[in-house]
Amino acid sequence: MDFLPIFIDIKARVCVVVGAGDVALRKIQLLLRAGASVRVIAPRLTAGVRRLHAKKGVEIEERTYQPGDIDGATLVIAATDDTRTNEAVAAEARRLGILINVADQPALCSFVMPSIIDRSPVIAAVSTGGASPVLARLIRARLESLIPAGYGRLAALASRFRDKVKTTFATPTDRRLFWDRVLQGGVAERVFTGHMEEAEEIMRRELDAAASNSGIGEVYLIGGGPGDPDLLTFRALRLMQQADVVVYDRLVAKAVLDMTRRDAERIYVGKERDNHAMRQEEINQLLARLAKQGKRVVRLKGGDPFIFGRGGEEIDTLAAEGIPFQVVPGITAAAGCAAYAGIPLTHRDYAQSVTFVTGHLKDGSVNLNWTQLAQPNQTVVFYMGLIGLPAICEQLQKHGVSPDMPIALVQQGTTHKQRVMTGTLTNIQQVVEREQPKPPTLIIVGHVVELQEKLSWFKAPARSTQGATSPHPEPR
Ligand SMILES: C[S@@+](CC[C@H](N)C(=O)[O-])C[C@H]1O[C@@H](n2cnc3c(N)ncnc32)[C@H](O)[C@@H]1O
């Protein structure tokens with residue numbers, strides 16, 4: 001390690017900046033944010049520095065640097081475009097034992113300034129020790145997206161409850177476990193979404209429950225998207241990595257399941273067509289039971305939980321039992337498959353609306369409002385329609401749709417096994433016989449399918465064998 005990472009309290013301390021260009025200005029602003037008393041020495045002062053002098057009380061000396069200028073300073077920054085001046089400032093600082101940073105000259109620095117993510121009072125700092133400031137900035141950008149904006153509020157809330165937590169839990173281990181749980185669970189999530197009062201209320205409840213040993217967990221109903229793990233939302237990923245238990249079904253892609261916390265318990269509940277490992281009512285009860293044991297339960301579903309996902313029924317049970325839950329939307333198969341297949345679901349010239357329907361056969365027939373689905377200038381997307389495909393094509397034509405209407409089948413959309421098969425209402429059955437698509441397959445009907453060839457961009461690697469294999473995990 002070339003540098004010791006520390007955070008210094010410079011409130012009301014004298015910090016000297018030699019130079020007044022853009023770089024110096026950024027450093028002065030940072031010093032001010034940390035409460036320093038800043039003195040700037042430069043022969044020509046820029047408008048920005050003058051403004052800080054007028055508004056923030058920055059002391060200015062409009063002249064060149066002279067020995068003795070940094071006496072008594074806590075730290076010094078040299079940011080002039082004159083190497084000799086920078087070297088002179090650095091030499092004097094070293095002689096006086098004052099911390100010195102010289103812009104763009106790491107060899108002259110006794111400290112470097114990291115890229116920071118400011119969620120005050122939480123500060124994350126990234127440094128490459130001057131080796132590559134751009135790399136530090138790139139890492140910072142990544143962290144920016146991982147550390148929710150509400151972390152500052154969360155830290156402030158934690159600080160308000162610190163004493164109470166100390167008196168509630170006798171041992172440091174118990175305190176740590178408690179903080180681990182609340183800072184990643186429902187309290188944190190409420191803070192991030194701006195529900196501070198609710199967060200405080202849950203915090204109080206958690207503390208009361210901990211005191212009486214009766215903690216209650218929480219359920220996160222998460223849309224895992226159609227298969228590509230890159231399509232998960234930040235929130236989904238965050239909650240998935242906090243799970244004590246993951247309850248998942250067949251449509252959740254293995255790559256998505258792999259993003260859940262490694263040591264979380266995994267429970268497969270199936271839901272293959274006509275082969276449900278667990279009935280819906282049992283799943284609802286399972287979620288409630290696990291949460292009552294104090295666990296953070298991730299209920300992971302394919303696509304979006306509220307689109308043909310029965311997510312509503314699952315949280316209905318939780319709501320009735322007073323179990324906290326939240327719902328995280330996911331990319332639904334229609335949006336994911338269409339995007340990855342190059343089929344815009346709406347288009348000014350082809351379709352002004354899009355309808356999502358289930359093609360699931362009930363008693364051997366697809367019971368839908370065919371008159372409405374046969375209207376022109378729209379796209380119709382059928383979920384679970386593969387078995388009912390002949391009936392779908394027949395009914396649409398019967399209700400006036402042209403036999404030449406384009407239709408696409410997207411199998412295992414967004415995954416590396418994606419297949420796109422196109423045809424018309426009259427010949428798609430021959431395509432099916434030839435290509436043998438397997439579930440999960442989505443059906444898109446409408447003129448927008450004509451654009452597929454031109455707009456297709458996603459290339460799944462070539463298949464070694466004909467016939468689909470499941471992209472989805474086996475029960476474990
Ligand atoms: C029970 S529905 C669940 C839909 C899910 N909640 C969603 O929002 O995407 C299952 C159907 O979604 C479609 N589906 C889901 N994922 C798919 C994928 N990756 N590729 C193609 N179709 C998919 C198939 O039509 C499948 O039969």
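# Sheets and helices in a predicted model

User: Which strands does helix H11 lie across?
Analyst: In this predicted model, helix H11 (residues 280–292) lies across E8, strand E9 (245–248) and E11. The angle between H11 and E11 is about 155°.

User: What order do the strands of that open sheet come in?
Analyst: The order is E10-E9-E11-E8-E12, five strands in an open sheet with parallel pairing.

User: Which are the edge strands?
Analyst: Strand E10 (265–268) and strand E12 (325–328), each of which pairs on one side only. On average, neighbouring strands of this sheet are turned by 20° against each other, direction ignored.

User: How many bridges join E8 to E11?
Analyst: Six bridges link strand E8 (residues 218–223) with strand E11 (residues 296–301), and the two run parallel. Glutamate 218, for one, has arginine 296 in E11 as its bridge partner.

User: What do strands of a sheet pair through?
Analyst: Backbone hydrogen bonds, in either a parallel or an antiparallel arrangement.

User: Next, the open sheet that starts with E13. What is its pairing?
Analyst: Mixed, with five strands in the order E13-E14-E17-E15-E16.

User: Why is one side of E13 and of E16 left without a neighbour in the sheet?
Analyst: Because strand E13 (353–358) and strand E16 (419–424) stand at the edges, and each has a single partner strand.

User: Which way do E13 and E14 pair, parallel or antiparallel?
Analyst: Parallel, over six bridges between E13 and strand E14 (residues 378–383). Within that pairing, valine 357 has phenylalanine 382 in E14 as its bridge partner.

User: Which helix lies across E13 and E14?
Analyst: Helix H13 (residues 333–341) does, and H13 also lies across strand E15 (406–411), E16 and strand E17 (441–445). H13 runs at about 75° to E17.

User: Changing topic. At what angle do H15 and H16 cross?
Analyst: At roughly 165°, with the axes of helix H15 (residues 389–398) and helix H16 (residues 428–435) coming within 10 Å. H15 is therefore roughly antiparallel to H16, since angles over 145 degrees count that way. The crossing is right-handed.

User: Which residues meet there?
Analyst: Leu389, Pro390 and Cys393 of H15 meet Ile428, Gln429 and Val432 of H16. This contact has five nonpolar residues, one polar and no charged ones.

User: Last one: where does glutamine 29 lie?
Analyst: In helix H1 (residues 22–33). Its C-alpha atom is separated by 10.0 Å from that of valine 58, 29 residues apart along the chain.

User: And why does glutamine 29 count as partly exposed?
Analyst: Because glutamine 29 has 14 C-beta neighbours inside 10 Å. A residue needs 20 or more to be buried and 12 or fewer to be exposed.

Notes
Residues are numbered from 1 along each chain as its sequence is written. This is a predicted model: local features need pLDDT of at least 70, side-chain atom pairs count only at pLDDT 80 or more; totals for chains, interfaces and linings use all residues. Axes are lines fitted to C-alpha atoms, for helices over the stretch in contact, and angles run from 0 to 180 degrees between N-to-C directions. Helices (H or I, at least four residues) and strands (E, at least two) are DSSP runs, numbered from the N terminus. Angles under 35 degrees count as roughly parallel, over 145 as roughly antiparallel, 65 to 115 as roughly perpendicular and the rest as oblique. A crossing is left-handed if the near helix is turned anticlockwise from the far one by less than a right angle, and right-handed if clockwise. Two residues are in contact if their C-beta atoms, placed from the backbone, lie within 7 Å. Ala, Val, Leu, Ile, Met, Phe, Trp, Tyr, Cys and Pro count as nonpolar, Asp, Glu, Lys and Arg as charged, and the others, Gly among them, as polar. Two strands pair if DSSP finds at least two bridges between them.
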